[in-house]
Structure formats: C-alpha cells, structure tokens
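Hello,

Please find the structure for your review below.

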Amino acid sequence: MLSEWAALRGAATAPVVHTGRGPRRRYDAAAAGPVAVAGVAGALTTELRPGDLVVASEIRRNGTELASPAAVLLHGELLRLGLPARLGPVYSAEHVVTGRARAELAETGALAVDTETAFLAADAPDGQAVALRAIVDTPDAPLLSPGTLWRGVRALRSLRAAAPVLDRWSAATGDREILLAGPRSFCAGVERAIEIVEQALDRFGAPVYVRRQIVHNSHVVRELAGRGAVFVEELDHVPEGAVVVLAAHGVAPEVRRQAERRRLRVIDGTCPLVSKVHAEVRAVARESDLVLVLGSRNSSNSLRLAEVAAAEGVAAHLVEDAGEVELNWLAGTRRIGVTAGASAPPHLVDDLVEALSGLGPLRVRHTTVTEESVRFNLPREVS
C-alpha cells in the first residue's frame with residue numbers, strides 16, 4: 001500500500017521500496033542481502049489490538065515455513081523503544097482472508113495474516129528476512145467495518161514509530177565472523193570447588209566462610225551450609241584471620257587484596273578453566289570488534305568475562321539472551337567474540353549465533369583451550 005510506503009519513507013533513512021500484494025508483486029530484482037518486509041496486517045487473535053506490532057518469528061504460506069532468525073533482535077529493539085510488540089508466526093495469503101478461513105488460520109498459532117510477507121521474503125537469502133507488521137484489523141473489528149479509517153491511522157503511526165528500529169536493523173546487516181571462546185561449561189571445576197569446601201571443613205572445622213555461592217546450585221549450597229559453611233556476599237562479613245574459600249567463578253584482584261589486608265586464610269576455589277577462559281577471552285577480544293558475554297548479571301564469572309574483554313579496549317556487553325543484544329552494537333562489526341558464563345545454558349550460545357545469522361552471511365570459528373575430560377588437583381591448603 002502507498003500509505004505504508006509513505007509512513008516508512010518519511011521516517012526511515014534506510015532504502016524503502018514500494019511493492020504490491022500477492023505472489024506476483026515482488027521487487028524488481030532479486031535481493032542481494034537481508035530484507036525487511038514491513039506493512040500492515042490483520043490480527044488472528046483478540047489479544048492484539050489496532051496499532052500493535054508483530055514481528056514474524058517464522059513466515060508461513062501454504063504449509064511452508066521460512067525461518068527468521070534475526071526476529072528476536074528486532075523484537076527486543078522494539079520493546080526497548082517502548083512499542084507494543086509481539087513475536088510469533090505470520091501467515092501470508094494471496095488475498096484478504098475473512099470469516100471461517102481466518103479462524104482456521106488462528107488455530108494454527110499464527111498471530112497475524114497479510115498478503116505480502118512470504119512472497120517478498122522468498123527472494124531474500126535463506127534465513128535473512130525479517131517481517132514487521134502493524135495490526136490494522138482484528139477478529140472483532142474486520143477490515144471493512146466502521147472505524148477502519150481510525151484503525152488504519154493507528155497502524156500507520158505505529159509503523160512510523162518503528163522506523164528507527166528498521167534503520168538499526170539495516171545498519172546491523174552484513175557479512176561477519178563469530179569467534180566462539182571456549183570452554184563454555186565448568187563441570188570439572190565445579191566438582192573441585194565443592195570438594196575444596198568439604199575438605200576445608202574436615203581440616204579446619206566449622207565455620208568455613210565462602211565468598212558468594214561456591215557454585216550456582218542451591219541444593220549444593222544448602223548441603224554445605226548444613227555442614228558448617230557460611231556463605232557471605234563480601235569479605236567484610238568474615239572475621240579477621242578466619243578461613244575463607246573463594247568461589248569457583250573467579251574474583252577481581254581487589255578482592256584478593258582485601259583478603260590480604262584482613263589477614264584471612266584464603267583457599268582459592270577458582271575453577272582453573274575459569275582462569276583459562278579469562279585468558280582466552282583477553283585473545284578473542286583482541287581480534288574482535290565486539291564481545292558478547294551470555295550470562296546472568298548475578299554471576300561474578302560472567303561479569304568478570306565482560307570486564308576482561310573490555311580491558312582489551314573492545315566494546316563488551318553482558319546479556320541474558322539474544323533478545324538483549326542491541327542492534328546499534330552490531331553496526332559496523334565484522335568479527336564478534338562470543339562466550340558464556342558458568343551459569344549460562346549452552347543453548348543460549350546457539351540461539352545467539354542463529355540470531356546473528358539472520359543479519360547476513362556468517363562464519364563461525366571455535367577456539368578451545370582445554371577439554372572437559374580433566375580432573376584438577378586441590379589447593380595445597382586442603383590437599
């Protein structure tokens with residue numbers, strides 16, 4: 001529709017191409033790179049209202065599905081902008097869908113229906129299309145009914161408000177390489193840390209103080225506490241001269257200096273793999289334009305990984321998942337280092353790499369410093 005084109009053309013700086021409806025109205029030439037399809041759509045669920053935005057997690061048509069890996073990045077950006085956005089499947093039909101046919105589409109789990117997305121997305125490189133649709137009509141307020149003009153205005157206003165996000169998406173597209181720092185799990189180090197606390201309790205007796213959770217596992221923490229381990233947030237809560245174990249996730253140098261000032265008997269439970277991963281991150285960071293660390297903000301290891309990367313002079317960000325990655329961070333980057341903290345499920349790394357693959361051709365290079373089939377010696381204080 002010309003109105004959709006006009007709404008975006010006046011607000012977006014990225015190139016905007018006007019197309020028509022249905023399978024025969026594609027753009028003039030095959031896409032040379034990622035494509036964003038934007039316009040209005042009809043809601044298939046009553047939870048959506050006119051002016052709401054839908055980002056297609058997958059693009060459907062006649063039993064076929066096109067993946068849209070970068071949809072999660074677009075959706076997260078809309079939410080950070082404060083716009084009402086939902087993430088879910090969008091279906092494309094060759095004509096306007098009404099009545100029973102629309103109800104049947106709703107039963108498939110699709111959120112919205114339009115007449116362009118799938119046909120245009122099919123011209124994009126595999127997996128490199130995103131779709132953004134503004135809701136103009138709903139099941140209880142069909143397209144040809146009183147109030148259509150008002151609903152159309154709301155939809156076009158939302159589309160216009162989303163134009164900066166499409167600009168950021170456009171700036172973030174391009175060829176890039178992902179450097180995966182490893183290892184990204186610490187099983188051997190976790191076992192060692194637990195054994196250190198157990199041996200310290202046997203040798204020195206209770207209480208043995210432990211800075212932070214020895215591992216991010218509440219069951220283990222409760223069991224050790226029952227044996228006399230006292231978990232503290234900071235060393236200020238440890239009596240001078242007491243025995244203190246530093247948790248597996250690693251600590252900043254200032255924590256060690258504080259322990260020395262307070263004459264604490266320190267037993268270092270830091271996982272050797274954590275230390276090696278920190279070193280592996282200083283090398284990945286030096287090769288990268290950006291480093292993304294997947295992990296929880298209450299994970300000292302994850303925070304430390306981001307600090308180590310930033311110390312190399314590269315932009316580094318700690319994110320819970322791919323949805324927290326801001327498109328502005330990606331603009332102009334051609335090599336991104338990716339790692340994960342000890343508490344991050346491995347699938348989060350896979351999800352992030354998949355999301356980035358939707359922005360253009362992607363090469364993945366793995367860097368591994370050691371394998372998990374190892375067992376580490378205990379510190380001399382408890383061995």
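Arginine 60 counts as buried because its relative accessibility is 14%; buried means under 20% relative accessible area, exposed over 50%, and partly exposed in between (1.4 Å probe, protein chains only). Its side chain meets that of glutamate 58 in a salt bridge, at 2.7 Å from N to O. By salt bridge I mean a side-chain nitrogen of Lys or Arg within 4 Å of a carboxyl oxygen of Asp or Glu.

Before the rest, the ground rules. This is a predicted model, in which local features need pLDDT of at least 70 and side-chain atom pairs count only at pLDDT 80 or more, while totals for chains, interfaces and linings use all residues. Residues are numbered from 1 along each chain as its sequence is written, and side-chain values use heavy atoms, with hydrogens and water left out.

More on salt bridges

The whole structure holds 25 salt bridges. One of them pairs glutamate 234 with arginine 212, with the closest N and O atoms 2.3 Å apart. This pair links distant parts of the chain, 22 residues apart. Glutamate 234 lies in the loop between S9 and strand S10 (243–246). Arginine 212 lies in the loop between S8 and helix H8 (218–226). Helices (H or I, at least four residues) and strands (E, at least two) are DSSP runs, numbered from the N terminus. Glutamate 234 is partly exposed, with a relative accessible area of 28%. Arginine 212 is partly exposed too, at 24% relative accessibility.

Glutamate 254 and arginine 257 also meet through their side chains in a salt bridge, at 3.1 Å from N to O. Both sit in helix H9 (residues 253–261), and they are separated by about one helical turn because they are three residues apart. Glutamate 254 counts as partly exposed at 38% relative accessibility. Arginine 257 is partly exposed, with a relative accessible area of 42%. Elsewhere, salt bridges that share partners join Glu177, Glu287, Arg335 and Arg365 into one network.

Strands

Which strand is mostly covered? Strand S6 (residues 129–137) is: nine of its nine residues are buried. S6 pairs with strand S1 (residues 35–43) in the parallel sense, over eight bridges. Two strands pair if DSSP finds at least two bridges between them. Here glycine 39 stands opposite arginine 133 in S6. Strand S2 (residues 53–61) is joined to S6 by three bridges, and these two run antiparallel. Leucine 53 stands opposite alanine 134 in S6.

Another set of four strands forms an open sheet in the order S9-S8-S10-S11, with parallel pairing. Strand S9 (229–232) and strand S11 (265–268) stand at the edges with a single partner strand each, so one side of each is left without a neighbour in the sheet. Neighbouring strands of this sheet are turned by 30° against each other on average, direction ignored. For such angles, axes are lines fitted to C-alpha atoms, for helices over the stretch in contact, and angles run from 0 to 180 degrees between N-to-C directions. Strand S8 (residues 208–211) runs parallel to S9, joined by four bridges. Arginine 211 stands opposite valine 232 in S9.

One buried glutamate

Glutamate 77 is placed in helix H2 (residues 71–80). Glutamate 77 counts as buried because its relative accessibility is 3%. Leaving out residues up to four places away in sequence, glutamate 77 touches Val165, Arg168, Val325, Glu326 and Leu327. Contact means heavy atoms within 4.5 Å.

Best wishes
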